[in-house]
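Me: I would like to learn how to read a few features of a model. Could we start with a helix and its buried face?

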Amino acid sequence: MRVSQTARATAGLGLTQIVGWGTTFLMPSVLGRHIQHDLGLPSEVVYGGITVMFGVGALFSPRVGRLLDRTGARTVMAVGSVLYALSLAALTLSQGMITYLLCWAAMGVASTLALNTPSSIALAQIAGARARQAIAVLAIIGGFASTVFWPVSEALELLFGWRGVVLIYAAIHLTICAPVHLLMLPGRAMAGTHTPAGAAVQAPPSAHTERIFLLLSISFACGAFIFTGFIVHAIGVLRGLGHDPATALLLATLIGPAQVAVRVFELAFGHRYTITSSTLFSSAVLPFGLGLALLAGGNFAVALVCIMAYGIANGMKAVLRATLPLALFGRAQFGTYLGRLALPQGIVSAAAPPVLAAVMASYGAEGVLGLTFVVAMVAFVATILLVRLSGTVR
């Protein structure tokens, strides 16, 4: 049976996304304490590498988005995999804070070239009308990154130490991810998705389009703040609400299944309803869950509702971050718009963990819930205005 180009690309990108997230964003969760002990760095610096990665990646996102519109994803993502390999290899040689953070800065550039946004752009260019389903499949696959890499990192660290593990991960990017990008993706953006060489410069977007973009950017940036920041402090928040450590851990582990479940639902039934309906639902469920927890989060049932609402909203946003801009702005400049949207999302993702850590230290779990509830309400209002302005979009 002949496998379609979309299926091959989705499978290949699924593999590289698991590797990309598992060897960078999720890596300090297991190896962080070993890095901290070996390099003599405080935990804030060790985990601050993730903040540096998000911040640097955000700065490069608009330019990379435009590049992907012109050239397609194959070469760009392959270069990103090579840069990941070099960055991780350099990390194994780091001896202090400066070299450590510089390696994470290089990983930020690599993530802009080869992680979440480029993979969505690649599928939009390849899958065409079926991009929504393909991106949903990719989000489902990517959700297993922690399931794969947390136990793998733990087992390998016992055998090779943290430097050996990171060097193995560098080799995976170089010998597996780079070839997958070169072999599974087309060499150029497919016909109809880019501006031909020598064509007239695109007319600037209308005021109506810019208002839509602004509202979408506000909604996504607020969501990124909550989704990146809350997950880091979820167990601490639950314990701060009065749940014992075992219960807090149990509740927090339900976030992953909720994310995957809603992505599977979106894949199976998403074609039956409009993408704006999905957007409104995901934007409404998050402040609902956070608001309930703020009122009575010490109750197990209420905390469960909050965690499930967070997981559902996060799972949907992982799909909507790519499919909603595609539906609103089309394929021709999809990379450009997605790159522009990634800039504020990356900045707030970099800021969210330390900001919420400071709020947690000063005001406790209730302070974190209060702040995230306000931010979620801002996102919800922006989404309502966005839907009113753009109309129903499938």
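Reply: This is a predicted model. Take helix 1, whose buried residues are A9, T10, G12, L13, G14, T16, Q17, I18, V19, G20, G22 and T23.

Me: What is the general idea behind such a pattern?

Reply: An α-helix has 3.6 residues a turn, so residues three or four places apart point the same way. Here, helix 1 covers residues 5-23, 19 residues in total, and its first and last C-alpha atoms are 27 Å apart, close to the 27 Å expected at 1.5 Å a residue.

Me: Which helices do the buried residues of helix 1 pack against?

Reply: They pack against helix 2 (27-39), helix 4 (74-91), helix 5 (97-114), helix 6 (116-127), helix 7 (131-142) and helix 8 (145-184).

Me: How many disulfides does the structure hold?

Reply: A disulfide is a covalent bond between the sulfur atoms of two cysteines. The structure holds zero. For C103, the closest cysteine sulfur is in C177, 18 Å away, which is too far for a bond.

Me: Are C103 and C177 buried or exposed?

Reply: C103 is buried, at 7% relative accessibility. C177 is buried too, with a relative accessible area of 1%.

Conventions. Residues numbered from 1 in each chain as written. Predicted model: local features only at pLDDT ≥ 70, side-chain atom pairs only at ≥ 80, totals over all residues. Heavy atoms only, no water. Disulfide = S-S within 2.5 Å. Buried < 20%, exposed > 50% of the residue type's maximum accessible area, 1.4 Å probe, protein only. Helix = DSSP H or I, 4+ residues; strand = E, 2+ residues; numbered from the N terminus. Expected span 1.5 Å × (residues − 1). Contact = heavy atoms within 4.5 Å.
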